[in-house]
Amino acid sequence: MLGEKIGEERGKVIGQRVLAPEGGRPRIEVTIQTTGKLLGVEYQETATYVSTPGPGNALFGEGEAVMMTKDGDALSWKGIGSGKPTGRGQASSWRGSVCFRNLPQKFNRLAGVACVFEHECDENGNVETKLYEWK
């Protein structure tokens, strides 16, 4: 069951890199930088994920991120998701899940909790993500 919204962020794609194909499928590495709030705490994030196209115009991705709060606390997440192109260029829409690691005490509520996300990227590389607790 989808729980409460626990975070939201906005930012921009800052880099892309073509990787060697795997299983005959091309792969693209994407790095984004965002700012947002998680459980009411402001942070800056750098995330990198690898996107692989699949059958039926589908996309599969997996990635990791580091988040730094204004107080200097660091936390990280690892996630997977699936998506689809929504327009030209980088435009895509993603849904998936993340699990947080290396949690400072103020984020202990997220220990052992799977979170789900909605992630949108427009054709100019602007991104917006909403994060929900999965109960």
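**Entry 1: elements**

I counted the secondary structure and got 0 helices and 8 strands in the chain. Here helices are DSSP runs of H or I with at least four residues, strands are runs of E with at least two, and both are numbered from the N terminus. From the N terminus on, the elements read β-β-β-β-β-β-β-β.

A note on the source: this is a predicted model, in which local features need pLDDT of at least 70 and side-chain atom pairs count only at pLDDT 80 or more, while totals for chains, interfaces and linings use all residues. Residues are numbered from 1 along each chain as its sequence is written, and side-chain values use heavy atoms, with hydrogens and water left out.

**Entry 2: the barrel**

I followed the pairing around the sheet: 8 strands close into a barrel in the order S1-S2-S3-S4-S5-S6-S7-S8, with antiparallel pairing. Neighbouring strands of this sheet are turned by 30° against each other on average, direction ignored. Two strands pair if DSSP finds at least two bridges between them.

- S2 (residues 25-38) and S3 (residues 41-53) run antiparallel and are joined by 11 bridges; Gln 33 stands opposite Thr 46 in S3.
- S5 and S6 run antiparallel and are joined by 10 bridges, with Phe 100 in S6 as the bridge partner of Trp 77. These two strands form a hairpin with 6 residues between them, and Gly 89 in the turn has a positive phi of about 60°.
- S6 and S7 pair in the antiparallel sense over 8 bridges, and Val 116 in S7 is the bridge partner of Ser 97.

**Entry 3: the cavity**

How many cavities of 30 Å³ or more does a search of the whole structure find? I got 1. On a 1 Å grid over the protein atoms alone, a cavity is a set of points where a 1.4 Å probe fits but cannot get out, a pocket is an open set with protein on both sides within 12 Å along at least five of seven lines, and lining residues have an atom within 4 Å of a point. Grid points are joined across faces, edges and corners, and a volume is the space filled by probe spheres set on the points.

The largest cavity has a volume of about 350 Å³. Of its 27 lining residues, Trp 77, Val 98, Phe 117, His 119 and Thr 129 lie nearest its centre. By class, the lining has 13 nonpolar, 8 polar and 6 charged residues. Ala, Val, Leu, Ile, Met, Phe, Trp, Tyr, Cys and Pro count as nonpolar, Asp, Glu, Lys and Arg as charged, and the others, Gly among them, as polar.

The largest pocket holds about 280 Å³ of space. Of the 17 residues that line this pocket, Ile 28, Ser 51, Leu 59, Gly 89 and Gln 90 are the closest to its centre. S1 (2-22), S2, S3 and S6 (92-101) each supply at least two residues of the lining. I sorted that lining into 11 nonpolar, 6 polar and no charged residues.

**Entry 4: burial and a loop**

Of the 135 residues in the chain, 41% are buried; buried means under 20% relative accessible area, exposed over 50%, and partly exposed in between (1.4 Å probe, protein chains only). Gly 23 sits in the loop between S1 and S2. Buried or exposed, this Gly 23? Gly 23 is exposed, with a relative accessible area of 82%. Gly 23 and Gln 105 are 41 Å apart in space, C-alpha to C-alpha.

Terms used:
Axes are lines fitted to C-alpha atoms, for helices over the stretch in contact, and angles run from 0 to 180 degrees between N-to-C directions.
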